[in-house]
Amino acid sequence: MKQAFQSPSGILLALILAIAFIGPLLPLADPLAMDVAARFGGPSAAHPLGQDEYGRDLLSRLVHALRSAILISGGAAMISAVIGVSVGVVAGYVRGFSEALSMRVMDVILCFPPLLLVMLAATLYGAGPSTLVPVLALVFVPSFTRVAHASVMTVRGQDYVDATRLMGASATRIIFRTILPNIVGPLFVQFSFVVVMSVILESGLSFLGLGVLPPQPSLGMMIGTARSTFAQEPWLLLAPCLSLIVLVLVLNAFCDHLRQLFDPRRESGA
Amino acid sequence: MGWFVRRLAQSLVMLWVVVSLVFLSIHFVPGDPAELLLAQDGGSPDPLMVQMLREQLGLDRPLPEQYSHNVMGILRGDLGASMVDGSSVGQEVMRRLPRTLELIAAAGILSLLIGIPAGVLSALRPRGRFSRGAAVVAGTAQSMPVFVLGTLLVVLFAQVLGWLPAGGFVPFSRDPGKHLQLLVLPAATIAIGLSAIVFRITRTSMLDVLPLDFIRTARAKGVPARRVIIRHALRNALMPVITVFALQLGGLLAGTVLVETVFNWPGLSGMLVAGVNARDYPVVTGVLVVVSAFYIGLNLLVDIIYGITDPRVRK
Amino acid sequence: MSRDRENMTVTQSAEHPLLQVQGLTVGFRRGGQWNDVVRDVGFSVSGGETLAIVGESGSGKSVTSMALMQLLPRDNSRISGQALFRGIDLLQLDERQIERIRGDRISMIFQEPMTSLNPVMTIGAQIAESILTHRRIGKAEARAEALAMMDRVRIPSAKSRYDDFPHQFSGGMRQRVMIAAALACQPDLLIADEPTTALDVTIQAQVLDLIKELQAESGMGVIFITHDMGVVAEVSDRTLVMYHGDVIESGTTEQIFRHPAKAYTSALLSAVPRLGSMTGNAVPTPYPVFDIASGKLREPERRPNTLREGPPYLLQVSDLSKRFAIQSKLLKRTIARVHAVEGVSFTLRQGETLSIVGESGCGKSTTGKLITGLHDRDEGRVVLAGRELGAIPAVERAHDIQMIFQDPYASLNPRLRIGEAITEPLRIHGKASATEQREIAASLLTRVGLQPEMAGRYPHEFSGGQRQRICVARALVMKPKVIVADEAVSALDVTMKTQVVNLMMDLQQEMGLGFVFISHDMAVVERISHRIAVMYLGEIVEIGPRAAIFENPRHPYTRRLLGAVPVPDPARRHQRGAAVVTELRSPVRPPDYRRPARRYLEISDDHFVLDSGEDWQ
């Protein structure tokens, strides 16, 4: 597991995570503090990246936006993983009716395009992170279930699971001590994948005004509003674009790295 | 044949479930749905308005009656009326849908034309320069959320270079040239990301197929390399590509919504975003039902294609 | 078909060989470094002659043939040497030129019939493809020729099966399709790379006969690659022995078998199970061990019989049945049943080894899973050490019966160090402290012939044979009374096979274990068993003491099975009758099928045969 982070993407990711989590502790200006007189101010000592159309500090807003993107995506992915993997593992081990039911339910969820599902939720419950996180989690549950289920099916067909049964191990022990450790690889990969997709979805929604609500900063929203002010201050658009691209790039690279690490072709050693 | 009927039946059942769930979704809210919809930040809405809304949406009638009324309506093509201006949701969807489809089709075709050949070439020489270059380009393309890419493209081509218009729409019948000109950027925006995905999955799939035993058999028979690649390898490698492509279409619809917003392309997105902002429930659900139906239909189509190309599925 | 080449083929002789290979060296690049896997190999093949290249895994035998046809990946392999085929050096040809030779002058067939055919192309089209690639004829004509080939390789109902897909054929039939495609253009040389290794013994016999027949008709040369010395004795005129990329020995097959010159060859031959080697020997005996250092064959010392007649019995199985339902996809109605195990009865005595033999689909593996409790039975009783199987709690059952599985690569949890894997049962039962566990792991590792220091390593660091020994150690931890070995040595190389079999027999001497040895390998079974049960279509068709079964087989299937086993003695080569073309039937029956009452005839003391009557085809 540790070797997952020993790569360029892993290091960059760790850096981004560090910024995100300790962000509020840094000596940055308040992201919400307006200073309309100084709108579009250029880089200065107090505002290293300049100020936006309301005079708010750009750098601070970027850091906070990054943070909320990660918290929302990470949170949604976590919830999604817990539910999805549990369902998938039970379906794969117990089989029978529970398997059939679970798979059908997941198929139904998959019929809804994720963005539209979030929009429906936003219509009913109002926009904002409290609607966003649960719906995002729901949207990705089927993918976790499928990966978990498929992995469990592969593993349980292996003789070593039968051997463990013959030792007199209980079903619980088999699931937790024998099967689960052998399926973490693909699940890890899926987790990182879901985080990336969540970041992208969340930013898209914020772009439309349906994600994180103003005045809280979010990358998508910042891009959306900066479109109209491009002529005056191009940097207001380019900075969040760049941040978002870098974030997604690093996450994608990490995801690829994980996928290579856990490629079943490597598992058999030499 | 039996397999086909089963698959069709499955899709119809799925569609019915989706429609039912969408219908029921309004009842999954805490408290009274109509109140929730009218709630503005803070105070409770006017009880009279709530009552009017309830009648308008049919929420005052018993549940089974609401359900059958809705389903019957959908079968007739009636998706309800907008809460905001009472216009027919169905009509508006039909007006806008072809434009969205046009975008998706253009982007889809483009991405297959670029992605598949690139993927095959890359798999043939996995460590060559083309491969590595293409991998970098694809990786970058996939890392750009579609609205970011769109925004940057607009900025580059419209504002900085002035080569293409910034957005808008002109019907094909009125001015074909302008119509196509306006189609380029939005379609390209979607196609770039989609091509990257198609490229990767084609490459991976080909790399999986090329070392397989039957390829070795074909070569041992003296079958010329070109035919081995196309008739033997690609034919088998395309199947996962089709599957993934179909899976992407769900996300594609989402991406289209964003791209339409960036380029002011009057497809479903405008209607949808306005609907969400106004909490116009019938509009949002109407679009959702149509889009989901499309998605289910597309998956069915993909499965059928799969069944035709892979004889093992049919037994 | 008139061929202007007819007059040329049969005049091949040793002075004008078809193929002459000299100094062939093949290297692969792994992680930046070049490794030679084949070193300085040389041989020749003439028309009408069969050369066998024999060796264990890693010997380089397959790589040699792939190199000749330039089928190795170009970017990380390098080949040097000379391979003169009719005067042309194959190794110097470019891709276009060698494409013309492949499939037309030199053809190749491979090991895995299940994956060697394009799944989305009809088999007829794949055979015709060979023809269309090399000859300028129309599609209709090619189809006709392909059909003719299908008839020649004895594919039944060729016309109606022309448009079928590979997944609709069995392994043996697919191999015939491969042969048809390979021989469609009447090549001068056929390279057969382990073509029958993945096939059941009776099917193997049919395919070997087919190849010999086609060779006799056309006068082509054959290079036959295999690890099975029995097959070598069956088919080849000359033999090349390879080990780790080097040619150890070469000569006529007679020479190699009678007077092996090199130590490795002797070791290989001594490890080959020979049918009939146990005649006159009442007690199961371990294999002789060839000591490479001294160059001598060490015969095993005489041992007492471990078998204890009479009660208490280890296992009493009566009327065991297990059926799997095949359901229609939509409504889950049962449309048919697989009668995997049907009315199986036998007894296992103390210190006895009972072997259950049969081919794919006969139900032997399922029987093994039923008696260990891994599957639930549908009918019948299993009494294990005096108690009903179902009544024994899983924890106690682990002390009564354990299992060793077929696939050494799937039998060990890849995440556990092997020391932990071996002592896992102790942890489940909470029976030993950490120190005790370490000690037990160390002693068991030594007992199975490995080093105690290996306990800290992971399974992927070990070879197949070593993994099986670890599995044996794991099975022993609970000190069971019965061990079920489900094809436990089938996936191992010949030398490792005999080592593991000897190990099992030593343990039986020491601990008085009972073994249920499930296998399809008759020769190994002959060595190790006290009694044998032959299964077919889920039923036991014959059961009795080992000598009785081998010397006096009564049931037609038993005879067919024994007759199909290749004999590793070139002198006894043509004693097999021509094999009829058959398929292995599978025990699928309609849902309302009732098994007719079965009668077993007692031939002699303890030897029973199923009275099949007209039921038998």
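Two residues are taken to be in contact if their C-beta atoms, placed from the backbone, lie within 7 Å. With that convention, let me present the structure above.

This is a predicted model, in which local features need pLDDT of at least 70 and side-chain atom pairs count only at pLDDT 80 or more, while totals for chains, interfaces and linings use all residues. Residues are numbered from 1 along each chain as its sequence is written, and chains are lettered from A and ligands numbered from 1 in the order in which they are written.

I begin with chain C. Among its contacts between residues at least 6 apart in sequence, 70% join residues at least 24 apart. Its secondary structure comprises 20 helices and 25 strands; these are DSSP runs numbered from the N terminus, helices being H or I with at least four residues and strands E with at least two. The C-alpha atoms occupy a box of roughly 75 × 60 × 50 Å along the principal axes. For 617 residues, a compact globule would have a radius of gyration near 25 Å, and the 26 Å of chain C agrees with this. That radius is taken over C-alpha atoms, and the globule rule is 2.2 Å times the number of residues to the power 0.38.

Of the 617 residues of chain C, 48% count as buried, that is, with 20 or more other C-beta atoms within 10 Å of their own, these atoms being placed from the backbone. In helix H2(C), residues 61–68, seven of the eight residues are buried, among them Lys61(C), Val63(C) and Met66(C). Just after H2(C), Gln70(C) has a positive phi of about 55°.

I turn now to chains A and B. Here 29 residues of chain A are in contact with 37 residues of chain B. On the chain A side, two or more residues each come from helices H3 (96–110), H4 (114–125), H7 (171–207) and H9 (234–261). H4(A) provides the largest share, nine residues. By class, this side has 23 nonpolar, four polar and two charged residues; Ala, Val, Leu, Ile, Met, Phe, Trp, Tyr, Cys and Pro count as nonpolar, Asp, Glu, Lys and Arg as charged, and the others, Gly among them, as polar.

Finally, within chain B, helices H7(B), residues 146–160, and H8(B), residues 176–209, pack at an angle of about 135° with their axes 9 Å apart. The axes are lines fitted to C-alpha atoms over the stretch in contact, and angles run from 0 to 180 degrees between N-to-C directions. The contact includes Leu149(B) and Phe157(B) of H7(B), and Leu185(B) and Ile192(B) of H8(B).

Conventions. Buried ≥ 20, exposed ≤ 12 C-beta atoms within 10 Å, placed from the backbone.
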